[in-house]
Amino acid sequence: MKRWTSQQQAAIENRRGTLLVSAAAGSGKTAVLVERALRLIAEDGVDADRLLIVTFTNAAAAELRARLAAGLDERIAAAPPAQRTVLRRQRMLLQRASICTADAFCLELVRQNFFRLDLPPDIGVGDESQLAGLRAAALEATLEEYAKNEDFARFSGMYGRSRDDRTAGDTLLELYRFLAAQPSRASLRRKMAAAWADEGPAEHTLWGKPLLAAARSHAGRAVRLAQRLAAQPCPPGRWTGESWADYTAALLQRTQDAAAALETGWDGARAALAAFEVPRAKAKLPDGSAADRLRAALKAEMAQAAECLPCTAAEDLADRRTAAPVIAAVMEAEEAFETRFFAAKKDRRQLEFSDVEQLALSLLWDEEKEERTAFSRETAARFHTVMVDEYQDTNALQGRLYDCLADETGGNLFLVGDIKQSIYRFRHAEPALFQRLRAQFAPFDGKTFPAALALNANFRSLPGVLDGVNYFFSALMSPDLGEVEYNADEWLNCGLAQAGADLPPSPPVYLDLVQREPQAEDDAAQVAWRVQQLVESGTPVRDGDTLRPAGYGDICLLLRTRSHFEDYVRAFAARGIPCYADVGADLLSAPEVQPLASLLRALDNPGDDVQLAAVLTGPLAGFEMDLLVQLRVVQRTGSLYGALLAWQRAREGKSPLADAVPPDTAARLDDFLALFARLRAQAAGMEAGRLCELVLEHTGWAAAIGGGPQGPVRRARLEEFCAWAASAGKHGLPALVRAMADTKEGGGLPQQTAERTPGCVSIMTIHRSKGLEFPIVLLADTARRFNAQDIRTAPFQFHPRWGAAMQLPGPGGRYDTTAMAWLRQAKYQELLGEEMRVLYVALTRAKDLLCITALVPEQEKLPAFLSNLAAGLEDGPDPAFLGTQSSLAGWLLAAALLHPEMQLLRELAGAPGLPLLDSCGSHFRLTVRGAGQDLPQEGAEQAAEAAAPDEELWRELERGFAWQDPFAALSQVPAKVSVSSLSHKGESFGWQPGRPGFARRKTGLTGAQRGTAAHRFLQLARLELFREDAPAAFAAEKKRMVETGLLDAQSAAALDEKRILAFFASGLYRRMLAAMQPPARLWREFDFITSLPAAEVMADGKDYGDAEVLVQGVADAVLVFADHAELVDYKTDRVPDAGALVSRYAAQLDHYRRALEKRLEVPVSRCTIYSLHLGREIPLPAAKTAKNTP
């Protein structure tokens, strides 16, 4: 039986009221939550389906359900026969239990109560690719509507250029996303607008109060600095004791007077701060001396105090009057956008997750009355207990939701989390909710509820790691930085030691300082050296109850962002270190996903030759490329799928044509066609997620990639795609194929998989590592500055407590209002708190060893850098000073300077007398290296003394390594290319100047986009309508295409009517009309695929044997007559004459001609370019195109 700590036991057994459990990293919170639930079920007799357990991710929900099932199975096996029936019933009820994410719970609640919400019964959550178009359309309509609103137009003009309303649109979208996570959107809109309508004194406004308080805080610190300066001994030089005392006394008095003036009101405080000056010194203070640093710090504090009051009270009032109607108009426009967007989503039966949460809350909470609904009480009665994991990452809306699900007394909540690991504020998480409850609840005593209980025994890490973590955060984390005091309730204790485990000696925390050099601007080389040194030196790590030498797979490199992953991958590759970087590339382009995606597209549209050919010659079907040629022997014209069916008919009819495919290939092709037909039949009435499962089941593709290199990671990516496909394809395969196309056009589908690869160093972001653990953790790139760009520059910002803030235009450009001045400060302070918690998450991932790398200035500048850092630590770690640091490295080095073992660092800083902190039992190992130097390699000296090599073996190895792959050239040959890329191979068009602003604003479309619009019109226009009244037909067709969604309004407006009508007056148009009369044929947008010799495609002089490459393309029009055919290509290029088009596209049309002649029974005797720009057709005889053939 598991041994629980007293704290864990209390969390499990005390089920008499609401409990907030503050569970530190590695404290076994999941095990505690599972055991508490099991005892509720098995001991208290609570039906399993009356538990509501909310988790942060679907994976966590699945894990909880599995652990609960396993726990019940164990109890069933051990129970007396009389109890087994009861427990088996509970095991069945567990399948119905609500163990899910907040989103999933809300979605189920909304679906069950669609009739209460006036929603269609089949409502669901749409994929982002599907919702993006609805969002853009709703936004465009809202901006057009509110362009007539004078106040909103002023807002748009403040931030946009000329008629560009993009900034206004982006602001509405940002406000919409912000409000979507708030529990009372309408109320919050009113409050944000009302704050600007307040005409009270500046010091009493929503933002004036905290700004004045911040100014007083800065001035107070300046007074304390002045007092410390007065206590300094008289500096050397021309100073005397009397002059020094007079100077410091005058400075102290001036500082105290300015601080006192801050109590007189807004304008008095502002005038005093503006007038403040440091008295002129009678002599120079020694550079870098304590007195010099104190005076500089004092001046900085007073300057910051002055920045808190950016304008006079009268100016502030004028700004509020100017901005109030604008803010009100923005709130009104956002509400209109929300309404319009929701109506479109409702009509399409596709909601966002934020909609689902808002709708669920509307069922449970009456916003107007600000009280729970009757339905809320009915819903809460369904659940005996509500358990919430990761409560620190709850947003305000979810917090209200959980309150509404509690029973009448509010006594059945079990909330688990760790404020120190709240790192999702960018997703609107509100760590203040956790802190507020902890402050309100009584400390746990087993009698008083609701209560707060701390779990601080860590069962993950060795004491050396925990001691280092405790040291860093007792020095750094505070209510100002991290939003929590790192005290006894937060301290990490070694649970393994408390449990009596036999632990190995703990290594120290490694702190590697890398000196920045021009040739090495990061610490990647040092990190690679450290990784190699750890593995080659046999660093011990735990493996169950034993120790073994560390391998590369035991190591994880954590970085703050993904942007520099490749630098570390290259550094590892240079040392031969295997690694896996979670780069988050496009999932649809992953090699394990592409074959499945091609098959899905081919199942949806077998007439897509490109996708079907990719399936046939890809790993799922595995046919040689010869098959494509063999099928064309059976049927020269039509689609590839038509050729397959023709072969199948020939085979069934025992026609000689079937012999075009060899017998061994024919048997496999029979099997493929049978499977393809079966999957197509099943796809007709099946969700895409289930279809993916069937494909993987029949093909064995998942098993195949799972058994190959990096199998677990590749399989996880495939499963991730299938999960996305299940969501995007809920309405069937066509919906999934459209979603894939939209997603590809929108930049791809980001990968979310973050699996560890056996034998490889894992490289991942700190956020992705949350919830994971690794024997050895390296934290690098710590000197990267915090990303506060948006906070510092955004002209319009929002905050749940401080409302909306904006800049206003002035003579010298936009300036910050008092609201903006405060929001920037408040949000930056929150950012610092988030970064401190991110650092905590990073350091607590390590089980056996923690290594930290920090980039510092080069050797000659390092002492000054450390000296400046030490200057702010003369009274210990002051949160105000730590708040001036702009990177994780600044914090880590500040703490290191105060560690008892870091005397070398203090000597480098020239501050050996800094006050030392309690080491918390931690030990550090410090190294300082140049980033560009040749880093040492373990074992190099021994290698130099090694014996001479065996000459015969050496020659044999040389012969072996000199072998060259005879097919190496083929590895560079693409499997498939487009005609256009082949035709333009080797061309360089050079730099092209961008279009000027006035040209862009005319239609909003680029030249390429206008050309695409013209192509699409000609592709879709009903040609017969243009025989008589072409202008009328043009207007009617343009209107039809816009109304049916074939062409968007902006593209339709950009059509050049004169040039398009010239086409309908041409001889080419008359020939196309003739081709529409049987037996002639007219094919428009005719897509094809053929093969060409690889030597011709590559055109680099290498020998590729008889290898061929698939070539795909789309012809604008093909006119097929009884004895000949004509190929037509529309061009919109702006060229001076026909010759330019001939030289540019002759080769392309020749490839088209050759491909078509393989499909047609008549020769392609004419190739025609129709130039919309020149207004004429340009004939290219077949001989002309042949001459241009590569």
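Select Cys106. Is this cysteine buried or exposed? Cys106 has 0% relative accessibility, so it counts as buried. The model you are looking at is predicted.

The structure holds zero of them. Cys106 is therefore no exception: the nearest cysteine sulfur belongs to Cys100 and is 8.6 Å away, while a disulfide needs two cysteine sulfur atoms within 2.5 Å. Jump to Cys851 next. At 1% relative accessibility, Cys851 counts as buried.

**Salt bridges**

Side chains of opposite charge can pair when their charged atoms come close. How many salt bridges does the structure hold? The count is 67. We will visit a few.

Start with Arg154 and Asp151. Their side chains meet in a salt bridge, at 3.4 Å from N to O. Colour helix 7, residues 150-159, to see the setting. Arg154 and Asp151 sit three residues apart in helix 7, so about one helical turn separates them. Arg154 is partly exposed, with 34% relative accessibility. Asp151 is partly exposed too, with 25%.

Move on to Glu874 and Arg293. Their side chains form a salt bridge, at 2.5 Å from N to O. Which parts of the chain does this pair tie together? Glu874 is in the loop between helix 35 (862-871) and helix 36 (879-882). Arg293 is in helix 13, residues 290-307. The pair therefore ties together parts that are 581 residues apart in sequence. Show the surface again. Glu874 is partly exposed, with a relative accessible area of 23%. Arg293 is partly exposed, with a relative accessible area of 22%.

Select Glu483 and Arg425 next. They form a salt bridge, and the closest N and O atoms are 2.5 Å apart. This pair links distant parts of the chain, 58 residues apart. Glu483 is in the loop between helix 19 (463-476) and strand 13 (493-494). Arg425 is in the loop between strand 9 (413-417) and helix 18 (431-440). Is Arg425 buried or exposed? Arg425 is buried, with a relative accessible area of 17%.

Now take a group. Select Lys29, Asp389, Glu390, Asp393 and Lys770 together. Salt bridges that share partners join these five residues into one network.

**From the network to a helix**

How far apart are Val841 and Lys770 in space, C-alpha to C-alpha? The distance is 6.6 Å, although 71 residues separate them in sequence. Val841 lies in helix 34, residues 818-843. Val841 has 0% relative accessibility, so it counts as buried.

**A charged patch**

Select Glu140, Glu144, Asp165 and Asp1048. These residues gather in a patch of negative charge on the surface. Zoom in on Glu144. Which helix holds Glu144? Glu144 is in helix 6, residues 128-146. Glu144 is exposed, with a relative accessible area of 55%.

**Backbone stops**

Switch to a backbone view. Find the peptide bond from Phe449 to Pro450. This bond is cis, with omega near 0°. Pro450 lies in the loop between strand 10 (442-443) and strand 11 (451-455).

Go to Pro1078 and Pro1079. The peptide bond from Pro1078 to Pro1079 is cis, with omega near 5°. Pro1079 is in the loop between helix 47 (1067-1075) and strand 27 (1081-1093).

Stay in this part of the sequence and select Glu1085. Glu1085 lies in strand 27. Phi of Glu1085 is near 50°, a positive value in a residue other than glycine. At 29% relative accessibility, Glu1085 counts as partly exposed.

For the last stop, select Asp118. Asp118 is not a glycine, yet its phi is positive, at about 55°. Where is Asp118? The place of Asp118 is the loop between helix 5 (102-112) and strand 4 (124-125). Asp118 counts as exposed, because its relative accessibility is 55% and exposed means over 50%.

Methods
Residues are numbered from 1 along each chain as its sequence is written. This is a predicted model: local features need pLDDT of at least 70, side-chain atom pairs count only at pLDDT 80 or more; totals for chains, interfaces and linings use all residues. Side-chain values use heavy atoms; hydrogens and water are left out. Patches are made of residues with over 30% relative accessible area and no salt bridge: like charges are joined within 9 Å, nonpolar side chains (Val, Leu, Ile, Met, Phe, Trp, Tyr) within 5 Å. Accessible areas come from the Shrake-Rupley method with a 1.4 Å probe; for residues, only the protein chains shown count as cover. A salt bridge is a side-chain nitrogen of Lys or Arg within 4 Å of a carboxyl oxygen of Asp or Glu. Lys and Arg count as positive and Asp and Glu as negative; His and the chain ends are not counted. The place of a charge is taken as NZ of Lys, CZ of Arg, CG of Asp or CD of Glu. Helices (H or I, at least four residues) and strands (E, at least two) are DSSP runs, numbered from the N terminus. Buried means under 20% relative accessible area, exposed over 50%, partly exposed in between (1.4 Å probe, protein chains only).
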